[in-house]
Amino acid sequence: MSRSEKRKGKIKMWIIIVVIVVVVIGVGALGGIIADAPGQREIKELVFSDVEFKNLRDGTYIGEYKGTKDHKRDTKVEMIVSGGEISDIKILKGALGKDGTPAELKGGLSIDNLFNSAVQSNTLQVDVISGATITSKAHLKALENALKQAQPER
């Protein structure tokens, strides 16, 4: 076998290896997308209650969202109510950066911006962060669950 033939054989071998690696990565990525779809669909279809934002009971309330299809986007928030109004909301689990502060999502916005919008408009029916719809909705559901706990007793 000549040197030229050996070289061609090595090139063919490397081409086959590269093709196999690309196919394996593609199949893995597709599998991840398919596995994630039910959890994303569940969050996209979340419905929010009409909860009051005023005359809340003072205290600290923990609200959570836990998916039933998967737990990849589970969230937890702490809401502090003082003087009947929300004085602070902290993300305990969810869209947080490595340093524990709210992660910047799309367009320089974070979940704090979303929460501020909800508190200022006194409703959970606010525009979600474009490009971060699923993350936004999961966090709003956690806030809704904290708000439900803080509702005045009737």
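**Figure 1. The salt bridge between E64 and K66.** The side chains of E64 and K66 form a salt bridge, with N and O 4.0 Å apart. A salt bridge here is a side-chain nitrogen of Lys or Arg within 4 Å of a carboxyl oxygen of Asp or Glu. E64 counts as partly exposed at 33% relative accessibility, and K66 counts as exposed at 54%. Buried means under 20% relative accessible area, exposed means over 50%, and partly exposed lies in between (1.4 Å probe, protein chains only). By the salt-bridge rule the count comes to five. This is a predicted model, in which local features need pLDDT of at least 70 and side-chain atom pairs count only at pLDDT 80 or more, while totals for chains, interfaces and linings use all residues. Residues are numbered from 1 along each chain as its sequence is written, and side-chain values use heavy atoms, with hydrogens and water left out.

**Figure 2. The salt-bridge network of E78, D88 and K90.** Salt bridges link E78, D88 and K90 in a network. K90 is partly exposed at 39% relative accessibility, and D88 is partly exposed at 27%. E78 is found in strand β2; helices (H or I, at least four residues) and strands (E, at least two) are DSSP runs, numbered from the N terminus. Why does E78 count as buried? E78 counts as buried because its relative accessibility is 19%. Not counting residues up to four places away in sequence, E78 touches T60, Y61, I62, D88, I89, K90 and L92. Contact means heavy atoms within 4.5 Å.

**Figure 3. The three-stranded sheet.** The strands form an open sheet in the order β1-β2-β3, with antiparallel pairing. Its edge strands are β1 (59-65) and β3 (85-93), each of which pairs on one side only. On average, neighbouring strands of this sheet are turned by 20° against each other, direction ignored. Two strands pair if DSSP finds at least two bridges between them. Strand β2 (residues 75-82) pairs with β3 in the antiparallel sense over seven bridges, and I80 stands opposite D88 in β3. β2 and β3 form a hairpin with two residues between them, and G83 in the turn has a positive phi of about 65°.

**Figure 4. Helices α2 and α3 against the sheet.** Helix α2 (residues 111-121) lies across β2 and β3 and runs at about 155° to β3. Helix α3 (residues 133-150) packs on the sheet, where it touches β1, β2 and β3, and its direction makes about 140° with that of β1. Axes are lines fitted to C-alpha atoms, for helices over the stretch in contact, and angles run from 0 to 180 degrees between N-to-C directions. V119 is in helix α2 and is partly exposed, with a relative accessible area of 27%. Leaving out residues up to four places away in sequence, V119 touches F53, I86 and I89. V119 and K54 are 65 residues apart along the chain, and their C-alpha atoms are separated by 9.6 Å.

**Figure 5. The salt bridge between K141 and E144.** The closest N and O atoms of E144 and K141 are 2.5 Å apart in this salt bridge. Both residues lie in helix α3, three residues apart, about one turn of the helix. E144 and K141 are both buried.

**Figure 6. The nonpolar patch that includes V23.** I11, I15, V19, V23 and V27 make a nonpolar surface patch of about 450 Å². Patches are made of residues with over 30% relative accessible area and no salt bridge; like charges are joined within 9 Å, and nonpolar side chains (Val, Leu, Ile, Met, Phe, Trp, Tyr) within 5 Å. Accessible areas come from the Shrake-Rupley method with a 1.4 Å probe, and for residues only the protein chains shown count as cover. V23 is in helix α1 (residues 3-44) and is partly exposed, with a relative accessible area of 48%.

Figure 7. Most residues other than glycine have a negative phi. N55, although not a glycine, has a positive phi of about 55°. N55 lies in the loop between α1 and β1 and is exposed, with a relative accessible area of 61%. N122 also is not glycine, and its phi is positive, near 55°. N122 is found in the loop between α2 and α3 and is partly exposed, with a relative accessible area of 33%.
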